[in-house]
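Subject: Structure handover

Hello,

Here is the structure for you to look at. Please open it first, then read the notes below it.

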2 protein chains.
Amino acid sequence: MCVASIEERVDHMDDLPGAIGTSASLVLRLGQAVFSVASLLFMCLDVEFVSYTPFCFLVTIMGLVVPWSLTLAFVDAFSVLVKRPPCRKGTLSIIVIGDWVLSFLSLAASCSTASIANLMLASGGTLCDPKLCSRYQLSSAMAFLSWFLSLASSLFNFWILPSL
Amino acid sequence: MCVASIEERVDHMDDLPGAIGTSASLVLRLGQAVFSVASLLFMCLDVEFVSYTPFCFLVTIMGLVVPWSLTLAFVDAFSVLVKRPPCRKGTLSIIVIGDWVLSFLSLAASCSTASIANLMLASGGTLCDPKLCSRYQLSSAMAFLSWFLSLASSLFNFWILPSL
């Protein structure tokens, strides 16, 4: 069944840029990886972040998003180059669920970090150095952008899931 | 087109409890409304919450979720009683998009509130009364439950959207 309708499915996937196996999806995945790495760098350049739970949460989640996005970027790159999208419904379901869970966790981590960083900044330097707080804010902004791309990926894949 | 395939669509919707027009959807909507009201009550029983942005954000979002969920609960109740689900694809798209936006905003508000409330509780009473902080935590927990139900609704509706 999978092999029989592969041309049809390739056509369908070409109609929906952003679904797995397309070059748009590759761009989305690379964007997620880049923003996650940026978020990790802004957060982890010193070790003071470990005293706050939301910051540790952000680091954990971004540490999960990076390998996940890179793996799927490789899958996309392979599909684009070899012109053969992966065709199992089960695989796509796992990818959609993984994207969903990671996107929700990214959003939660990003919002928690942003609110804590803002509160610390508003406290006027008693809770943290203003420079450090700005870096935490930047880290949360990067996590937010990573969430956005992750959400886009999961939406595109979820959209083609019932038609498989 | 809409009238012609209405029986078929009724069958399809009976197959998927949780999509709009079913009794499961009615239960989900009522649950959302109840948790949102609970979250609002825990947050708003005094006026100290206005000094923190995430708390105001939570109140705004929960204030949007309550009328939205109640309206859709009425639609569901009508559909269940009169046995005729609404059949326009456009309407369903608007409902799905609204659910999505509100569910993401609920999650963001809930996480921000929870992290701020925890930080305030950890500060040992210098930032707020411990009793008040616990109430903020409860409020955020209620908002989290409301998010969960809202997400379930949007998922069920999104799932039937491509088949309409």
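Chain B and chain A bury about 1,800 Å² between them, and carbon and sulfur atoms give 92% of that area. Buried area is the accessible area (1.4 Å probe) that two parts lose on being put together, summed over both. In chain B, Phe104(B), Leu119(B) and Trp159(B) lose the most area to chain A, together 30% of what that side buries.

A word on the ground rules. This is a predicted model, where local features need pLDDT of at least 70 and side-chain atom pairs count only at pLDDT 80 or more, while totals for chains, interfaces and linings use all residues. Residues are numbered from 1 along each chain as its sequence is written, chains are lettered from A and ligands numbered from 1 in the order in which they are written, and side-chain values use heavy atoms, with hydrogens and water left out.

Back to the interface. The contact (heavy atoms within 4.5 Å) takes 18 residues from chain B and 18 residues from chain A. The rule finds zero salt bridges across it; a salt bridge is a side-chain nitrogen of Lys or Arg within 4 Å of a carboxyl oxygen of Asp or Glu. On the side of chain B that touches chain A, the elements giving two or more residues are α4 (89-122) and α5 of chain B. α4(B) gives the most, with nine residues. Helices here are DSSP runs (H or I, at least four residues), numbered from the N terminus.

Now the aromatic rings. The whole structure holds 19 aromatic pairs over all chains. Rings of Phe, Tyr and Trp (its six-membered ring) pair if their centres lie within 6.5 Å; planes under 30 degrees apart count as stacked, over 60 as edge-to-face and the rest as tilted. Phe55(B) and Tyr136(B) have ring centres 4.4 Å apart and planes at 45 degrees, so this pair is tilted. It links distant parts of the chain: Phe55(B) is in helix α3 and Tyr136(B) in helix α5 (residues 130-160), 81 residues apart. Phe55(B) is buried, at 0% relative accessibility. Tyr136(B) is buried too, at 1%. Buried means under 20% relative accessible area, exposed over 50%, partly exposed in between (1.4 Å probe, protein chains only).

Phe144(B) and Trp147(B) are also tilted, because their centres are 5.0 Å apart and their planes at 50 degrees. Both lie in helix α5 of chain B, three residues apart, about one turn. Phe144(B) is partly exposed at 39%, whereas Trp147(B) is buried at 8%.

Best wishes
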